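Please open the model in your viewer, with a selection tool at hand.

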Amino acid sequence: MIANSFVENAWYVAGMSGEIKVNELQGQIICKKPVVLWRTQEGKVVAFDDRCVHKRMPLSCGKILANGTLECAYHGFAYDGNGKCVNIPSQTDLPIPSRAKLKPYPVVEQDGVVWIWPGNPDQMGKARAPRTPELVSDGWESYTCPPMKIPANYRLLIENLLDITHFYPLHDGNIGDLTNSKIPIEFIEQEVEGNPSVKTVREIHGYRHPPFLVDWFGYETVDRIHTHQLSSPGLTRVQLRCAPPGKLGSDAERGYILHHSHTPTDERSHVWRWTVTVKKGQPSLQAGVPSIERIKEMFPAVVDQDRWALERQQHMFDLPEDDYQEVHLRSDKSILIVRKILDALERGIAKEPGKSWLAA
Ligand code: FES
Ligand SMILES: [Fe+2]
């Protein structure tokens with residue numbers, strides 16, 4: 001496993017639409033690239049190299065002037081919404097050098113999410129930012145946690161999300177138990193918006209829900225379909241559908257969609273955001289309290305357990321390998337596929353059509 005690298009040529013979440021405000025500069029490090037981004041007065045999100053072309057001052061430390069240009073805080077170079085330097089206050093008698101331009105980054109804003117491509121735009125191929133229509137659909141309601149800086153390689157989070165056999169013991173007694181960890185898994189390889197992807201499906205009937213899930217959805221014993229999908233290197237989508245036995249697909253069905261975004265900062269850290277989306281007005285066990293409120297309140301305790309594990313795993317990657325070797329279980333198949341996909345994307349290698357990633 002390579003846990004000290006990341007895919008540079010991919011779409012990553014730079015923020016939820018609401019996090020990027022008009023004329024408010026944001027400095028981020030994405031895949032080791034310093035990026036300044038803001039929403040222009042016209043409402044468009046733009047992103048550029050955060051280093052001023054003069055003396056590398058972070059432009060995110062500057063400000064947007066009344067005319068909409070970005071002024072560097074050091075000597076006042078001003079840049080327009082195309083990244084072109086349009087004013088050098090101390091040298092107005094000479095033409096502005098033509099090289100005084102910021103490197104732009106491709107940005108897409110869709111479905112309430114701002115995506116950035118930190119890599120080489122020529123390598124984009126058919127990869128598009130995954131869609132998240134439920135986030136902006138009238139029939140659904142969502143909550144997004146504030147972005148979390150996790151001191152661990154983003155692959156450790158991706159592997160955590162795809163392997164829920166860790167629900168026992170890590171989440172035992174809140175969202176997990178031993179029965180959950182033993183549910184048979186179906187693995188599906190499929191593309192999502194031009195991104196190689198793998199999905200796991202876990203189906204169980206007559207399952208006694210762990211306490212948090214009883215609270216969130218109001219049912220003690222359920223039939224349940226639980227899917228986890230790495231949609232792209234930047235996004236994992238989880239869907240849980242549950243209902244009293246025999247009622248899946250009926251009006252009694254409840255559940256959630258979780259979007260987990262994992263944006264590498266560097267080899268040893270990433271930014272994790274989770275968004276939970278439920279059908280509008282979905283009830284919880286507590287009379288009069290909507291499901292979304294209970295999840296918003298209780299899910300962070302579960303996330304803290306995962307963070308605890310990820311940070312400790314990362315520390316082990318910082319030590320010499322010696323003759324260490326992992327032992328893989330049947331349930332690790334999706335993780336082995338993910339490793340093949342991410343390794344191939346890092347190296348710019350394509351898979352032979354029709355073959356499994358495992359054979360690549
Ligand atoms: S470093 Fe930005 S203007 Fe000098
Ligand atoms: Fe977990």
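Begin by selecting Q110, which stands opposite V113 in strand 10; strands (E, at least two residues) and helices (H or I, at least four) are DSSP runs numbered from the N terminus. The model is a predicted one, in which local features need pLDDT of at least 70 and side-chain atom pairs count only at pLDDT 80 or more, while totals for chains, interfaces and linings use all residues. Residues are numbered from 1 along each chain as its sequence is written, and chains are lettered from A and ligands numbered from 1 in the order in which they are written.

In the loop between them, pick D111, whose phi is near 50°, a positive value in a residue other than glycine. D111 is partly exposed, with 17 other C-beta atoms within 10 Å; on this scale a residue is buried if 20 or more other C-beta atoms, placed from the backbone, lie within 10 Å of its own, exposed if 12 or fewer, and partly exposed in between.

For another positive phi, go to R56, near 65°, in the loop between strand 4 (45-49) and strand 5 (63-64). R56 is exposed, with 12 other C-beta atoms within 10 Å.

Next, colour by domain: an automatic or database assignment divides the protein into domain 1 (12-123) and domain 2 (133-351). Their contact takes 11 residues from domain 1 and 13 residues from domain 2, two residues being in contact if their C-beta atoms, placed from the backbone, lie within 7 Å. On the side of domain 1 that touches domain 2, the largest share, 3 residues, comes from strand 1.

Move to P169, in the loop between helix 1 and helix 2 (178-181), where a cis peptide bond joins Y168 and P169, with omega about 10°.

Finish at helix 5 (residues 333-347), in which the buried residues include I337, V338 and I341. Among the elements that cover them are helix 1 (154-162) and strand 14 (195-208). Just after helix 5, select G348, which takes a positive phi of about 70°.

Key
Two strands pair if DSSP finds at least two bridges between them.
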